[in-house]
Amino acid sequence: MPESPRLSSSEIGVLWMTYQQKTMILTMLEYFIEQADDPEAKQIMTNLRSTMQPYVGKIESMYRAEDLPIPIGFTKEDVNKGVPKLFDNGFDIMFLRLVEEITMGMHTLNLTMSYRPDVTLLYQELTQITQKCYDDCTQFLLTKGYLPKSPYVAVQKQVEHAKGTNYLGMFNPIKGKRALNTVEIAHIHHSIESNITGMQMIFGFAQSATHQEISTYFHKGGELAKGLVKEMSEVFLQNDLQVPSTAGGNFTTSKIPPFSDKLMMYCVSLFCSFSLGGNSLGTAFSLRNDLPVKLTVFMKDVFEYAHEGAKIMIKHGWMEEPPQTIKH
């Protein structure tokens, strides 16, 4: 056995994905840190940038040791510092919190596909960094009043077991559908919350995109997110629950792009993947029949939207391929 085993195929793949994601957020942080008015928000982002940057170098070193081509990812060419604000105060941390939420899931999955000690250690350390940043963002947003908590509800005082198939949501002409349980409320609230941030982000991207084709694509995505928020909010209202909303993080009137179309397209692609995963979990944990039906329709729309985006990225030469195997 060699003293230092080679990277396995899955390790090469997950490190490549991590490189893309980390260079994206580091590039975007350059703009958000410069634009930050709130000292605490600026400190959160600065701390993340300083702790994350060395890991990009570690991935590059691992690739060089394997004689693998270093990924391109995203660079200073993909950010325009010094341009007017595209988003109001609060959006930077709302966006970062959502990105770190996606990242936590990715690191956990990547850890399960890693074997070499230095690779598993890398993901263990990145997980700790991500969890701390996520918590910092959450507490900041709660303190500022930008992040609504899920609804407080009255809960039955005794444990119950489902009696009959009515629990699955079979329509009762007298009682109607049963009330949402707390697990279903959690997933619906999460879906609304994340799509509100995603909607603001993508509408901001739409008005600042350089290519008209890209702007039209982003606007379509904003409408898709708006539709999901509207549909899931209606479910809450039908159950006499408060709909989450935020007072900050809206896009401004600026049309000067802070980011390249390539970076914004990749960011939207990342959010689409997150949406598919989140809706899949919501479907899996929802036992009322009408909820999985609604979420499945949105999953189909998001998948088709992401596929359309992939074709646009290929057309413009923006889709970097993961390391390819050699065909023998």
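Me: Let's start with T18: is T18 buried or exposed?

Reply: Buried means under 20% relative accessible area, exposed over 50%, and partly exposed in between (1.4 Å probe, protein chains only). T18 counts as buried because its relative accessibility is 2%. T18 sits in helix α1; helices here are DSSP runs (H or I, at least four residues), numbered from the N terminus. Keep in mind that this is a predicted model, where local features need pLDDT of at least 70, side-chain atom pairs count only at pLDDT 80 or more, and totals for chains, interfaces and linings use all residues. Residues are numbered from 1 along each chain as its sequence is written, and side-chain values use heavy atoms, with hydrogens and water left out.

Me: Which residues is T18 in contact with?

Reply: Contact means heavy atoms within 4.5 Å. Skipping neighbours within four places in sequence, T18 is in contact with I59, H107, N110, Y123 and L126.

Me: And how many residues does the largest nonpolar core have?

Reply: A nonpolar core is a set of buried Ala, Val, Leu, Ile, Met, Phe, Trp, Tyr and Cys residues joined through side-chain atoms within 4.5 Å. The largest one here has 74 residues, and F95, F205 and F218 have the most contacts inside it. The largest share of this core, 13 residues, comes from α1.

Me: What does F95 touch?

Reply: Not counting residues up to four places away in sequence, F95 touches I25, M28, F32, T197, M201, C267 and F271.

Key
Helices (H or I, at least four residues) and strands (E, at least two) are DSSP runs, numbered from the N terminus.
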